[in-house]
Structures are given as structure tokens and as C-alpha cells.
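Subject: Structure for your files

Hello,

Here is the structure I said I would pass on.

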Amino acid sequence: MRALCRIPHWTATLTWKATAFLAVMCCGLAALLGVLVHVSVTNQTVGEARGRALDRLTEVTAAYEEGDRLPPGAGVDLPGLPAALRELATDGRRGTMVGGQDEHPTMWAAGPAGRGRALAVQFDYAQGAHAIDALDRAIVWSSALAIGATLLVGAFAVTRVTRRLHATARVARRISAGDLDARVNDPRTVHDPRAAYEPRTAHDSRGGVEPRTQRPTRPQDEVAAVAGALDTMAASLQSKLLSEQRFTADVAHELRTPLTGLHAAAELLPPGRPTELVRDRVATLRTLTEDLLEISRLDAGRERLELDSEPLAPLAGRVVWASGTETEVHVVRDTRVETDRRRLERVLGNLVANAHKHGRAPVTLTVDGPVVTVRDHGDGYPDYLLEHGPQRFRTEGGSKGHGLGLTIALGQAEVLGALLVFTNAPDGGALATLTLPQDAQDAQDQRDEHDERSSQNERDGDSDRDGGNGRDGDTAP
């Protein structure tokens with residue numbers, strides 16, 4: 001019952017809601033007008049018929065009192081006289097009533113005739129009844145046509161508005177995904193209200209119209225105001241981000257020259273504890289500067305891939321060996337991946353270094369086809385990282401570092417077209433999962449190998465069932 005009563009998802013759209021609202025309002029308005037017209041015309045038609053019936057009853061009453069012959073359709077206690085009207089006449093009052101059956105309605109008028117009898121007149125009321133029925137049919141058909149036309153026009157108008165809203169929503173999603181060049185460019189948009197009343201528009205250096213001073217080609221409405229606000233927000237956001245990227249890149253670039261001289265000077269210092277401290281701080285500052293330059297390049301989108309087919313297990317082993325850490329390498333299934341070796345080594349190296357710096361041993365790097373996982377047995381990733389991803393210069397628990405390692409790893413993984421996910425293991429510890437795009441030929445070879453092994457296992461099972469003469473397979477290391 002719950003599934004049957006569930007409202008379809010398409011009913012949540014603005015088009016459906018607006019159409020339903022228009023339909024309800026049109027039906028209500030048509031019903032109200034139809035009832036008013038029906039009541040008014042019916043009262044007028046019945047009133048006129050009753051007036052004629054009472055006038056005729058007056059004439060018949062005068063003839064009856066004078067003893068003249070009554071005209072056709074008049075008489076005392078006529079057959080077919082409604083009982084309610086007869087009772088009214090025998091009580092000494094006059095009245096009228098529409099009676100009859102099927103297609104022959106009759107207008108009756110009756111009054112007292114003395115000694116408990118009723119003097120009545122009747123005449124055909126079919127014309128008036130048919131006129132009212134024709135009016136009712138006309139009201140129904142005209143209301144249906146009016147409702148249909150209103151719904152078509154309303155749905156068309158609402159659909160135009162919803163299309164513009166959908167376009168604005170798509171642009172907003174593109175901006176959220178990182179495409180800061182996306183714009184709605186609604187022709188009704190006015191970015192600068194003062195420019196809408198200026199006789200001339202400004203032009204940029206390329207000869208195009210500056211969007212902030214562009215005059216609208218159509219009257220501006222609320223949807224255009226939302227689109228204009230979104231475009232303005234995107235332009236402002238893009239300008240601020242580009243400014244921050246340029247600032248970060250300029251600062252990192254300008255620091256490289258004095259740091260090079262500082263490093264050379266530190267190497268000339270005499271051996272000792274102070275010299276080691278200075279060299280350590282200089283090395284940390286150089287690493288930070290290089291990380292900032294790498295992040296600025298990733299933000300600017302200027303990275304270019306140098307793809308090559310690489311076996312994943314030996315590459316992971318080289319990364320662990322170069323890190324100089326005690327990291328266990330488990331190879332469940334090796335594969336070849338089409339990737340940029342330098343960038344992949346950077347990603348895996350940062351994950352391994354982060355696991356040793358912020359987690360606890362043992363740290364394990366596992367290769368299972370195109371999926372590489374790095375796990376430690378520490379307290380796991382903090383909640384903010386699991387929810388929002390790595391954040392620059394933010395670390396938890398007073399740990400050393402600048403919070404740039406995972407940020408760089410995530411950025412380089414995006415450049416590689418890989419998926420890097422940060423989670424916590426159920427039994428404790430941080431777990432980073434890197435899923436790489438696999439080399440197409442190697443993937444096909446592995447699928448063929450898997451199918452061949454499955455077929456071999458099925459044949460071995462059949463042999464065991466036939467005679468129990470299956471061979472003992474060699475154990476692979």
C-alpha cells in the first residue's frame with residue numbers, strides 16, 4: 001500500500017505543480033461562473049414561466065367564478081397535479097410548480113376552488129427546460145475549451161521559465177564542479193543596473209560587449225535576476241581564486257631564489273647541533289615552497305600528462321623503497337596501467353609518508369589490479385577530512401606538517417584521471433584507496449585469464465565428479 005500511495009518523482013517539478021495549480025484554479029473558476037450563469041438564467045426562465053402561469057390562473061379563476069367554460073389545460077382537480085401543489089391549494093393559497101416526467105416538463109399553477117378542491121392550470125414547459133439544458137451543455141463545453149487553452153498557454157509559459165531555471169541550475173552545478181568559466185548569459189540579464197539606461201555600451205579589448213555593461217534585449221524578470229546574480233557571483237569567485245593562485249605562485253616563486261642562497265650558506269656552516277637545526281629548517285622551507293608551487297600549478301590546470309604503460313606492482317615497490325620507511329607491500333593481483341609514472345609515484349609517496357607521519361605501524365600498501373590501498377593502524381582520518389576532503393594548512397592533534405601532502409595527492413590523482421577516496425577502516429586506522437584507469441589490453445588479458453581459470457576449475461570439478469582422478473595442482477607462490 002505504501003508503494004502504491006507513493007507520489008511519482010515527476011510530480012515534484014515546477015512545471016507539474018504550476019500546471020496542477022492552473023488546472024485547479026481554472027476548474028474552480030469555470031465551476032463558479034457556470035453555477036452563477038446557470039442559477040441566473042434558470043431563475044429568470046422559471047420566473048417568467050411562473051408569472052405567465054399565475055396570470056393564466058387569475059383568468060381561469062375569474063371564468064370559474066362567473067360560471068364560464070374553462071379553457072383547455074384548466075380545471076378542478078386535474079389529473080397529474082402534483083400532490084404538494086394540491087395540498088397548497090386546498091389550504092387556500094396559490095402556487096406554482098414544475099412537474100412532469102421524462103422529456104415533457106409541465107408548469108403547474110393552482111389555487112383554491114372551494115370545498116377542499118383545487119383549481120389548476122398547466123402548460124408545456126419543455127421549451128424553457130430545453131433552453132436551460134442547452135445552456136448547461138454550452139457552459140460545460142466552453143469551460144472545457146477554456147481550461148484546455150489556459151493549460152496549454154500556461155504550460156508553455158511555465159516550461160519556458162523552467163527551462164531557464166534548469167539552465168541556471170546546470171551552470172551552478174558546473175561552477176560547483178570547478179568550471180569557473182561557466183555562465184548563464186541570459187539575454188534578459190543586466191549585470192550593472194546603471195548601464196541599462198546608458199545610451200552606449202562598453203566594449204572589451206577583444207571587441208565584444210562587456211557583460212557588466214550589456215543592455216538587455218528583453219524586459220528583465222526574476223529568473224533573469226537570479227541568472228545575473230549567478231553570473232556575477234561566478235565572475236567574482238573566479239577573479240578572487242585567480243588572484244589567490246597568482247599570489248601563491250608569485251610568493252613561492254620569489255622564495256626560491258633566497259632559499260637557494262640560504263641552503264648554500266647553510267651547507268658552509270661548521271658541523272654542530274645549531275648547523276643541523278638550520279639545515280633542517282631550510283630543508284622544510286624548501287619543501288614547503290616546492291609544494292606551494294605544485295599546488296599553484298594544479299590549481300591553474302597547466303599540468304600535462306606524459307602517459308606510458310607501467311606495471312603497477314614494481315612501481316609501488318620503488319615508491320616504498322624510495323620512502324625509506326618500513327611499509328609492507330602486498331600484491332594481490334598485478335596489472336599494467338596507462339599513467340604518468342612521475343605523478344603516480346608522487347601520489348603514492350605522499351600517501352605512504354602521511355600514513356607514517358600521522359598514523360601508526362604497521363603501514364600496508366596493497367596492489368589489487370588497478371586499485372592501490374594504503375592503510376595504517378592509527379586513529380584514522382579526522383572527521384573534517386572524511387566529510388570535506390583534505391584542507392591546506394590544517395592538521396589535527398598538533399601533528400607536524402602543513403597539510404599539503406594529501407592535497408597534492410588528491411590534485412595529482414585528478415590529473416591522472418584516478419579516483420582517490422579517504423576512509424577509515426572498520427577495525428581502526430586510516431585507509432586511502434586509489435583507483436587507476438587500467439590499460440585496455442592488459443585488462444582484456446586479465447579477463448581472458450580469469451575466464452580460462454574459471455573454465456579450468458569447472459573441468460577439474462567435472463573430472464572429480466566423474467572418477468575422482470583430478471590432478472593435484474602446483475601451489476603458486
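In this predicted model, the side chains of Arg 318 and Glu 345 form a salt bridge, with an N to O distance of 3.8 Å. Arg 318 belongs to helix H7 (residues 312–323) and Glu 345 to helix H8 (residues 341–358), so this pair ties together parts that are 27 residues apart in sequence. Both ends are partly exposed: Arg 318 has a relative accessibility of 38%, and Glu 345 has 22%.

Glu 345 also meets the side chain of Arg 341 in a salt bridge, at 3.3 Å, N to O. Here the two partners both sit in helix H8, four residues apart, about one turn of the helix. Arg 341 is partly exposed at 39%.

Another salt bridge joins Asp 379 and Arg 360 (3.3 Å, N to O). Asp 379 is in the loop between strand E9 (371–375) and helix H9 (383–388), while Arg 360 is in the loop between H8 and strand E8 (363–368), so the pair connects parts 19 residues apart in sequence. Asp 379 is exposed at 67% relative accessibility, and Arg 360 is partly exposed at 44%. The count of salt bridges comes to seven.

As for disulfides, the count is zero. Cys 26 is in none, and the nearest cysteine sulfur, that of Cys 27, is 6.9 Å away; a disulfide would need the sulfur atoms within 2.5 Å. Cys 26 is buried at 15% relative accessibility, whereas Cys 27 is partly exposed at 42%.

Regards

Key: Residues are numbered from 1 along each chain as its sequence is written. This is a predicted model: local features need pLDDT of at least 70, side-chain atom pairs count only at pLDDT 80 or more; totals for chains, interfaces and linings use all residues. Side-chain values use heavy atoms; hydrogens and water are left out. Buried means under 20% relative accessible area, exposed over 50%, partly exposed in between (1.4 Å probe, protein chains only). A salt bridge is a side-chain nitrogen of Lys or Arg within 4 Å of a carboxyl oxygen of Asp or Glu. Helices (H or I, at least four residues) and strands (E, at least two) are DSSP runs, numbered from the N terminus.
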